[in-house]
Amino acid sequence: MHFWIPEVVQLIFEYVYDPDRTKEDSEGRVTVASLARTCRSFRDPALDVLWAQLHSLDALVLCSGGTRVNDNSQVVWERPLYDADWRVLASYAKRVHTLTVSPQSDTWDISTMHILNCFPLPGALLPSLTELNWLSDREDFFPFLHCFCGPMLKTLTLSPVAWSIRKCVAIASLAPSCPFLENFLCPGADDSSMQTISEAVVGWKKLEVLEVGPVDGRVLKHAASLHTLQTLRFSVSSELTSDILEFCSPVAVIGIAALTPLSLQAFMQNVRFSIQHLYLRCSLYDDVFPHLFFAHLKACMVHPEKLKQLSLFAGTTPQEDTSNESIVLTSLMLHPLLSFKGLEHLDLGHSCTAHIDDAFLTKLALSCPGLKELYLGDQKAWLIAPLLTFDGVTSLLKHCRQLLSLGVFFNATFESDVAYTAPVDAISPQIKNFLVGASPINEPAKVTAVLSFLFPSACISHCIPKESPEQLQGRLKKWGSVDKMFGIFVAARKQSWEQGWAEGKATVEKIAMV
């Protein structure tokens, strides 16, 4: 007796030709196509794998009587489709789970869309479609978008470049076609599409991921009411009302983009968040970083002590701004962060934190002992002299024993006639990455000795580019020396500890025998 398990066979075929592949595998496709013709038992599972993911509509056209024309550059129907043709097309279309309409699809003949829009059989054209990536910007395609959005659709990605009336009408009316959508991504949306996005989004009641451009208060209120929401990313709109918006979704990851920190601060004045994960992104710096930015951030948080993740990215600044002290974050400006006592991840790596001192870092460590990742000014080659020293770093390490990754812009220089001894209780073998940014350094050997003691398991890295200003060339060379010596110092310390342990153990055993 032969036992037949179709699911196992399909898994084997998916191994031969992965339907979720990122690159076309012609050899695997040919193999599975051959298996589909081998026997009736193999046919269905093999076809399910072959048709699971389509990157164009060509296969559907060809399987139902279409031909290649114009030197094989286009696939079209040159005759009418009759009942038998539609049934063949439907037998394959029901197997499609992912469809991508790419920018390369702009060469398709529009007649393909018109004919598919006449699909005469009951139900949706692609009844099993769960993911649609509509990446084409071709305007005359958009009125046919609803043809592909069925009740099984879970993920929809759109990327229009220009928002015409036809595109807006097509997108605004999508919700009835795919009422159970879970993931909607349209990051290229702009102010002109805000009402269109709003019309569509409020019709989806089970959204888990929403990534769009500017939104109005209606979308934010709807998103806040969704118990299913896991990720919300949007950009600040100038048309938001002055009414206070309340957003309570503790499990959701919230990402907010704005042109500058000042516009982001203005938005925060009209919002109240009760969340645990917040990512802020600004395209440009204002001439002066708003001194009350973090005070407003604290004020818009209903329960600041419950925030676990906070990240602020301010767009890449021009080279001359690396010495601009008007955008430097000071200890006073960051003082409101001490109220975020539940922080586990704090990322200010792209901001200039040169004016944070040892005392503030100690207060931060005492206020947020559960920190696991901390980044302060380590992602940009700043020319401003930092106030932080090794004393602040070791104080942080002593109080934040759960740290796994640390990046900090600090003063790594020593006075030549002074010996520095790091405290033993600051040793952090659990930290795997220590990023120093463009920290000043004068004696690579001393710095390496201290870092190898504090971070015996870490990888030490800097962010100084090879084509850096003259002021940074010395730092680049010295941190390069640290990188070369670090592994040697760690190995030597390990060998010394092992030798000391062995000698101590032998001494204890000898005393015990006496």
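User: What makes R87 and D83 a salt bridge?
Analyst: This is a predicted model, and the values are computed from it. The side chains of R87 and D83 meet with N to O at 3.0 Å. The cut-off is within 4 Å, between a side-chain nitrogen of Lys or Arg and a carboxyl oxygen of Asp or Glu. So the pair qualifies.

User: How are R87 and D83 placed in helix α5?
Analyst: They are four residues apart in α5, which spans residues 83-93. That separates them by about one helical turn.

User: Why is D83 called partly exposed?
Analyst: Its relative accessibility is 45%. Buried means under 20% and exposed means over 50%. D83 falls in between, so it counts as partly exposed.

User: How many salt bridges does a search of the whole structure find?
Analyst: Eight.

User: What makes D137 and K167 one of these pairs, and which parts of the chain do they link?
Analyst: Their closest N and O atoms are 2.6 Å apart. The limit is within 4 Å, so this is a salt bridge. The pair links distant parts of the chain, 30 residues apart. D137 sits in the loop between β5 and β6, K167 in helix α7.

User: Are D137 and K167 buried or partly exposed?
Analyst: K167 has a relative accessible area of 2%. That is under 20%, so K167 is buried. D137 has 24%, between the 20% and 50% limits, so D137 is partly exposed.

User: How do you know that R166 and E139 form a salt bridge?
Analyst: The closest N and O atoms are 3.5 Å apart. That is within 4 Å, so the pair counts. R166 lies in α7 and E139 in the loop between β5 and β6, so the bridge ties together parts 27 residues apart in sequence. R166 is partly exposed at 42% relative accessible area, and E139 is partly exposed at 32%.

User: Which residues make the contact, and of what kind are they?
Analyst: α14 contributes F390, T394 and L397. α15 contributes V447, V450, L451 and L454. These residues divide into six nonpolar, one polar and no charged.

Terms used: Residues numbered from 1 in each chain as written. Predicted model: local features only at pLDDT ≥ 70, side-chain atom pairs only at ≥ 80, totals over all residues. Heavy atoms only, no water. Contact = heavy atoms within 4.5 Å. Helix = DSSP H or I, 4+ residues; strand = E, 2+ residues; numbered from the N terminus. Nonpolar A, V, L, I, M, F, W, Y, C, P; charged D, E, K, R; others polar. Buried < 20%, exposed > 50% of the residue type's maximum accessible area, 1.4 Å probe, protein only.
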